[in-house]
Amino acid sequence: MAGNSGLKHVPQRMCVICRDKDAKRSLTRLVRTPEGGVVIDIGGKMSGRGAYICDRESCWERALKSDVLEKALRARLSPETREDLRNSRLQQEPK
Ligand SMILES: [Zn+2]
(Lines give C-alpha, C1' and ligand atoms only; values in the text may rest on other atoms or scores of the structure.)
Protein backbone atom coordinates (compact mmCIF):
# COMPACT_ATOMS: atom_id res chain seq x y z
CA MET A 1 0.00 0.00 0.00
CA ALA A 2 1.17 3.51 -0.80
CA GLY A 3 1.08 6.58 1.39
CA ASN A 4 3.18 5.25 4.20
CA SER A 5 5.98 7.76 3.71
CA GLY A 6 3.91 10.69 4.93
CA LEU A 7 2.99 8.97 8.15
CA LYS A 8 4.09 10.79 11.25
CA HIS A 9 5.94 8.67 13.73
CA VAL A 10 4.12 8.58 17.03
CA PRO A 11 6.28 7.13 19.76
CA GLN A 12 4.59 4.05 21.10
CA ARG A 13 5.91 1.62 23.64
CA MET A 14 5.08 -2.00 24.02
CA CYS A 15 4.52 -3.73 27.30
CA VAL A 16 6.93 -6.66 27.53
CA ILE A 17 4.29 -8.73 29.30
CA CYS A 18 0.98 -8.30 27.46
CA ARG A 19 2.57 -6.77 24.33
CA ASP A 20 -0.05 -4.09 24.21
CA LYS A 21 1.13 -0.88 22.65
CA ASP A 22 0.28 2.38 24.29
CA ALA A 23 1.42 5.96 24.61
CA LYS A 24 4.62 6.38 26.54
CA ARG A 25 3.21 7.84 29.71
CA SER A 26 1.00 4.92 30.63
CA LEU A 27 3.97 2.58 30.50
CA THR A 28 6.74 2.44 33.02
CA ARG A 29 10.28 2.15 31.75
CA LEU A 30 12.62 -0.19 33.49
CA VAL A 31 16.29 0.07 32.78
CA ARG A 32 19.25 -2.15 33.43
CA THR A 33 21.88 -0.52 35.58
CA PRO A 34 25.62 -0.84 34.89
CA GLU A 35 25.76 -3.04 37.97
CA GLY A 36 23.41 -5.50 36.35
CA GLY A 37 20.37 -4.62 38.43
CA VAL A 38 17.09 -3.19 37.24
CA VAL A 39 15.51 0.09 38.30
CA ILE A 40 12.47 2.12 37.32
CA ASP A 41 13.44 4.94 35.01
CA ILE A 42 11.13 7.62 36.33
CA GLY A 43 12.24 10.48 34.09
CA GLY A 44 12.50 8.22 31.05
CA LYS A 45 15.97 9.54 30.36
CA MET A 46 18.27 6.94 31.77
CA SER A 47 20.56 5.26 29.30
CA GLY A 48 20.88 1.55 29.07
CA ARG A 49 18.82 -1.36 27.95
CA GLY A 50 15.18 -0.66 28.74
CA ALA A 51 11.87 -2.46 28.83
CA TYR A 52 8.36 -1.17 29.31
CA ILE A 53 5.56 -2.43 31.47
CA CYS A 54 2.03 -1.09 31.24
CA ASP A 55 -0.18 -0.01 34.10
CA ARG A 56 -1.98 -3.29 34.58
CA GLU A 57 -1.48 -4.85 37.95
CA SER A 58 -1.42 -8.29 36.33
CA CYS A 59 1.48 -7.29 34.12
CA TRP A 60 3.49 -6.14 37.11
CA GLU A 61 2.72 -9.29 38.99
CA ARG A 62 3.85 -11.35 36.07
CA ALA A 63 6.88 -9.20 35.44
CA LEU A 64 8.02 -9.54 39.02
CA LYS A 65 7.29 -13.23 39.29
CA SER A 66 8.51 -14.50 35.95
CA ASP A 67 11.76 -14.25 34.03
CA VAL A 68 10.28 -12.19 31.19
CA LEU A 69 11.99 -9.03 32.43
CA GLU A 70 15.28 -10.79 32.90
CA LYS A 71 15.13 -11.97 29.33
CA ALA A 72 14.05 -8.60 27.99
CA LEU A 73 16.75 -6.73 29.86
CA ARG A 74 19.34 -9.48 29.95
CA ALA A 75 19.74 -8.75 33.61
CA ARG A 76 19.23 -10.67 36.80
CA LEU A 77 16.35 -9.83 39.09
CA SER A 78 17.19 -10.79 42.62
CA PRO A 79 14.34 -11.10 45.14
CA GLU A 80 15.55 -7.77 46.57
CA THR A 81 15.41 -6.13 43.16
CA ARG A 82 11.91 -7.44 42.58
CA GLU A 83 10.83 -6.06 45.94
CA ASP A 84 12.47 -2.71 45.18
CA LEU A 85 10.69 -2.47 41.86
CA ARG A 86 7.39 -3.31 43.45
CA ASN A 87 7.86 -0.61 46.08
CA SER A 88 9.07 1.97 43.56
CA ARG A 89 6.07 1.29 41.44
CA LEU A 90 3.71 1.83 44.35
CA GLN A 91 5.40 5.12 45.21
CA GLN A 92 5.11 6.21 41.64
CA GLU A 93 1.38 5.65 41.58
CA PRO A 94 -0.31 9.06 41.31
CA LYS A 95 -3.30 8.05 43.38
ZN1 LIG B 1 0.96 -5.07 30.01
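Let me start with a definition: a residue counts as buried if 20 or more other C-beta atoms lie within 10 Å of its own, as exposed if 12 or fewer do, and as partly exposed in between, with C-beta atoms placed from the backbone. By that rule, buried residues make up 21% of the 95 residues in the chain.

Two housekeeping notes, everyone. This is a predicted model, so local features need pLDDT of at least 70 and side-chain atom pairs count only at pLDDT 80 or more, while totals for chains, interfaces and linings use all residues. Residues are numbered from 1 along each chain as its sequence is written.

Now the layout. Helices (H or I, at least four residues) and strands (E, at least two) are DSSP runs, numbered from the N terminus. The chain has three helices and five strands, and from the N terminus the order is β-β-β-β-β-α-α-α. Calling two residues in contact when their backbone-placed C-beta atoms lie within 7 Å, 53% of the contacts between residues at least 6 apart in sequence join residues at least 24 apart.

On to the sheet. Strands pair if DSSP finds at least two bridges between them. Three strands make an open, antiparallel sheet, ordered S4-S3-S5. Strand S4 (38–40) and strand S5 (50–53) are at the edges with a single partner strand each, so one side of each has no neighbour in the sheet. From one strand to the next, the twist averages 30 degrees. Strand S3 (residues 28–32) is joined to S5 by four bridges, and Val 31 has Gly 50 as its bridge partner in S5.

Helix H3 packs on this sheet, touching S3 and S4, and its direction makes about 5 degrees with that of S4. Axes here are lines fitted to C-alpha atoms, for helices over the stretch in contact, and angles run from 0 to 180 degrees between N-to-C directions.

What about the core? A nonpolar core is a set of buried Ala, Val, Leu, Ile, Met, Phe, Trp, Tyr and Cys residues joined through C-beta atoms within 7 Å. The largest has 17 residues, and those with the most contacts inside it are Cys 15, Val 16, Val 38, Ile 53 and Leu 69. S5, helix H1 (57–65) and helix H2 (68–73) each supply at least two residues of this core, with S5 giving the most, three. Beyond its neighbours within four places in sequence, Val 38 is in contact with residues including Leu 30, Leu 69, Leu 73 and Leu 85.
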